[in-house]
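Try each task before reading its solution.

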Amino acid sequence: MTYYSQADSRWANIMYSSVNDKKQTMKTSACGPTVGAIVVSSSKGVILPTTMANLFVDNGYRTARNGTAWSAFSFIADYFEFNEYHSTGNFEKAISYLKQKRKDGSTKYFIIVSCGSGLFTTGGHYIVLTSLENE
C-alpha cells in the first residue's frame with residue numbers, strides 16, 4: 001500500500017485553494033486529495049497528492065472554505081475507472097467491505113472515511129482504512 005502525508009515537506013506548503021487563498025495549503029486542507037492519491041496509487045498506478053489536488057481544483061471539488069467535497073471520491077472512481085465504488089454511512093457495512101479479500105489475501109477495498117471532530121481533527125479529516133493480509 002502506498003502511503004502519503006499531506007504534511008510531507010515536498011508539498012506541505014503548496015497552495016490547495018479554489019479561491020486563491022495562500023493560507024489554504026496541502027498541509028492545512030488537502031487530506032482529500034492525499035487519501036485519493038493513496039487509493040489510486042495503491043491500486044491503479046502512482047499519482048502524487050499534488051496532482052490529485054490539481055484535479056480536484058480543476059473539476060470543482062475543492063470547496064471555497066471547507067476542504068474537499070465528498071463528491072470528489074465518486075469523481076475519482078469514474079476518472080480512474082474503478083470497477084466498483086460504494087458509499088455508506090453504516091459502520092458495519094463499511095467493516096464488511098474491509099473483510100472482503102482477493103485470492104492472494106490482500107484487501108479488496110479501501111475505505112475513505114470522513115472523520116468529525118475528535119482524535120484526528122478539530123474540524124473534519126479524511127483518512128483511508130484498509131485491512132491487513134488475512135486479518
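**Exercise 1.** How many aromatic pairs does the count come to?

Solution. In this predicted model, the count comes to 10 aromatic pairs.

**Exercise 2.** Classify the ring pairs Phe56 with Tyr61 and Phe73 with Tyr126.

Solution. Step one: planes over 60 degrees apart count as edge-to-face. Step two: the ring centres of Phe56 and Tyr61 are 6.4 Å apart and the planes stand at 65°, so this pair is edge-to-face. Step three: for Phe73 and Tyr126 the centres are 4.9 Å apart and the planes are at 80°, so this pair is edge-to-face. Step four: Phe73 belongs to helix H4 and Tyr126 to strand S2, so their pairing ties together parts 53 residues apart in sequence. Phe73 and Tyr126 are both buried.

**Exercise 3.** Which residues of the largest nonpolar core touch the most other members, and which element supplies the largest share?

Solution. Start with the members: among 25 residues, those touching the most others are Ile47, Met52, Phe56, Ile76, Phe80 and Ile112. Next, the sources: H2 (31-43), H3 (49-58), H4 (72-79) and S2 (125-129) each give at least two residues. H2 gives the largest share, six residues. Finally, look at Ile112: leaving out residues up to four places away in sequence, its contacts are Val35, Val39, Trp70, Phe73, Tyr126, Ile127 and Val128.

**Exercise 4.** Over which rings do the charged ends of Lys44 and Arg62 sit?

Solution. Lys44 has its charged end over the ring of Phe82, 5.0 Å from the centre. For Arg62, the ring is that of Tyr16, with 4.8 Å to the centre.

How values were computed
Residues are numbered from 1 along each chain as its sequence is written. This is a predicted model: local features need pLDDT of at least 70, side-chain atom pairs count only at pLDDT 80 or more; totals for chains, interfaces and linings use all residues. Side-chain values use heavy atoms; hydrogens and water are left out. A nonpolar core is a set of buried Ala, Val, Leu, Ile, Met, Phe, Trp, Tyr and Cys residues joined through side-chain atoms within 4.5 Å. Buried means under 20% relative accessible area, exposed over 50%, partly exposed in between (1.4 Å probe, protein chains only). Helices (H or I, at least four residues) and strands (E, at least two) are DSSP runs, numbered from the N terminus. Contact means heavy atoms within 4.5 Å. Rings of Phe, Tyr and Trp (its six-membered ring) pair if their centres lie within 6.5 Å; planes under 30 degrees apart count as stacked, over 60 as edge-to-face and the rest as tilted. A charge sits over a ring if NZ of Lys or CZ of Arg is within 6 Å of the ring centre and within 35 degrees of the ring normal.
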